[in-house]
Amino acid sequence: MPFSFLSSGVEGIGAVPVWVPLAYLVAGVFFILALRGLSSPSTSRTGNRFGMAGMLIAVVTTLVTHDIASLPEILVAIALGGSIGWIIARRIEMTAMPQLVAAFHSLVGLAAVLVALAAFFNPTAFGIADAAGQILTVSRIEMALGAAIGAITFSGSVIAFAKLNGNMSGSPIMLPGRHIINLGTLIAIIVLTGLYAVSPLGGAGEGWMFWAIVIAAFIIGFLLIIPIGGADMPVVVSMLNSYSGWAAAAMGFTLGNTAMIITGALVGSSGAILSYIMCKAMNRSFISVIAGGFGAEASSGGDGVKSDRPWKRGSAEDAAFLLQEAENVIIVPGYGMAVAQAQHALREMGDVLKEKGVNVRYAIHPVAGRMPGHMNVLLAESNVPYDEVFELEDINSEFAQADVAFIIGANDVVNPAAKTDKSSPIYGMPVFDVEKAKTVMFIKRSMGGVGYAGVDNDVFYMDQTMMLLADAKKMVEEIIKHLD
Amino acid sequence: MDFISILSIFVMACFVGYYVVWSVTPALHTPLMAVTNAISSVIIVGALVAAAGAGNPVAKWLGLAGVVLASVNIFGGFAVTARMLAMYKKKERK
């Protein structure tokens, strides 16, 4: 019976056959290849299959090397969770992707907490107990860290989900003295982890510390995210992505499992890099995002910036005329386009213009949308070919040659104040040089709303600017009607 | 495995992650998040160990609950990534 030889874990490392760590290593390498595939859309689908294969290897290896008596229950659990996940993935709207990712992060976080608790209750099964059945010191630290990061990921992601999904107001909630509360909770977690690690082996009373760490971490995750406003959500979602990775890595340390450690490190770095990219694209420091409060000024400052300067209102007919006469059109979509569900109409307009020989390109700002790359997915969904979609640094120099810059549902990312006005809250943020285009068309619902940052935009009042005030989808449909 | 070997793997993997993620095209950052979500559910390994572990019913049920949660993520994460990636098309050349 080979399985009696394989069912180790309890007896310790010595009993594990050599193919087991190798299989986990292969799984880890497959996960690296899954991310590597994403370097281009053409290789990405193969990459995703590597990811699935890696997961299959990891799960099967774990199942065959452990007691298979509970196999039926485990398979039921996988089938139950798997079908829920599958159905959600099939049905979710692409506009709701940020919420979905936040919800998935919360599940990873909670799973990490459950695994850490299971290890706490049954250390022998995890191979982290000494002869007396007590949990080893180093394992205590790993478990406590895994549980704490998992709990932060869970409660933070739940709040991020509620904010993104509209169950909770996107505006920041500022508790008085929150920095002191957060810092105190964080210190408490660290001190408790230390105490739990060194508390005398064999003492029965140290268990409360582990629970206290978990509870404090749940609280701090909640406290960290409630003061963060809607505009900063791309950073938050990326940050929680990173945390879910570190939680998996910490549990990988507990189990000595290479697949978990490699994956945790990959995901942790990935989330951290994405947070960095998002912060840079908004010219905000990571610390100031975490400190929270951005976006509070936006709601209150909205009335103060109204200006009496003259601006020109255009009609769909005027816009259609100029667009079909143009040689180069650059479309700058923002989150407002997604809110108005205008992406399909926009692609149709682009197609009609291309038929007429106009060179149509799309310019995407890193923070367009509610999560990194969100706008690219929305355009891809409405069948815009990805080689017509350009990143900020690749297309910004082209505006000077563009006949029309067509801005739909974006505002802050085309505001020249970011380049010139040192007192502006968005100063230093990289923006599109739309003002260099011969004609600027701005689709906006009204002159009132001024974006997240609550800053007026000089582009509205320029001679070459045409304000198209209407619902984005209706306006684009009107323009299509006038393109003959 | 001893702690130092594990730590070495972890540190190396952080560097691999750093370079691999920087090479991901910004257009695919949303699928990147979805797929990292799916692969971080490799935490299911821990949940499976707990669910299969004998001797403690509490740990077993916690493990099974963890298996359910991680499975939602694995199937959901890979499926939604595949769905997104299928949308990215090149320009049709005539």
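This briefing describes selected features of a predicted model. Chain B contains four helices and zero strands, and its radius of gyration exceeds what the globule rule gives, so chain B is more spread out than a compact globule. The structure also holds three cavities of 30 Å³ or more, and the lining of the largest draws on residues of chain A and chain B.

**Chain B as a whole**

- Read from the N terminus, the elements of chain B follow the order α-α-α-α.
- The radius of gyration of chain B is 18 Å, whereas the globule rule gives 12 Å for 94 residues; the chain is therefore more spread out than a compact globule.
- Along the principal axes, the C-alpha atoms of chain B fill a box of roughly 65 × 30 × 15 Å.
- Of the 94 residues in chain B, 66% are buried.
- When contacts in chain B between residues at least 6 apart in sequence are considered, 64% of them join residues at least 24 apart.

- Ala51(B) is part of helix H3 of chain B.
- Its relative accessibility is 0%, and Ala51(B) therefore counts as buried, since the cut-off for a buried residue is under 20%.
- Leaving aside residues up to four places away in sequence, Ala51(B) touches Ser70(A) and Ile74(A) in chain A, as well as Lys60(B), Gly63(B), Leu64(B) and Val67(B) in chain B.
- Ala51(B) and Val67(B) are separated by 16 residues in sequence and by 8.0 Å in space, C-alpha to C-alpha.

**The largest cavity**

- The largest cavity has a volume of about 40 Å³.
- Its lining consists of Thr62(A), Leu63(A), His66(A), Asp67(A), Leu71(A), Ile74(A), Leu48(B) and Ala52(B).
- Two or more lining residues come from each of helix H3 (41-65) and helix H4 (71-91) of chain A and helix H3 (44-52) of chain B.
- By type, the lining residues comprise five nonpolar, two polar and one charged.

- Strand S6 of chain A spans residues 465-469 and is mostly covered, with five of its five residues buried.
- Thr465(A), Met467(A) and Leu469(A) lie on one side of S6(A), Met466(A) and Leu468(A) lie on the other, and both faces are covered.
- Strand S5 of chain A, residues 439-444, pairs with S6(A) in the parallel sense over five bridges.
- Val440(A) stands opposite Thr465(A) in S6(A).

Methods: Residues numbered from 1 in each chain as written. Chains lettered and ligands numbered in written order. Predicted model: local features only at pLDDT ≥ 70, side-chain atom pairs only at ≥ 80, totals over all residues. Heavy atoms only, no water. 1 Å grid on protein atoms, 1.4 Å probe; cavity = no way out; pocket = protein on both sides within 12 Å on 5 of 7 lines; lining within 4 Å. Points joined across faces, edges and corners; volume = space filled by probe spheres on them. Nonpolar A, V, L, I, M, F, W, Y, C, P; charged D, E, K, R; others polar. Buried < 20%, exposed > 50% of the residue type's maximum accessible area, 1.4 Å probe, protein only. Pairing = 2+ DSSP bridges. Rg over C-alpha atoms; globule rule 2.2 N^0.38 Å. Contact = heavy atoms within 4.5 Å.
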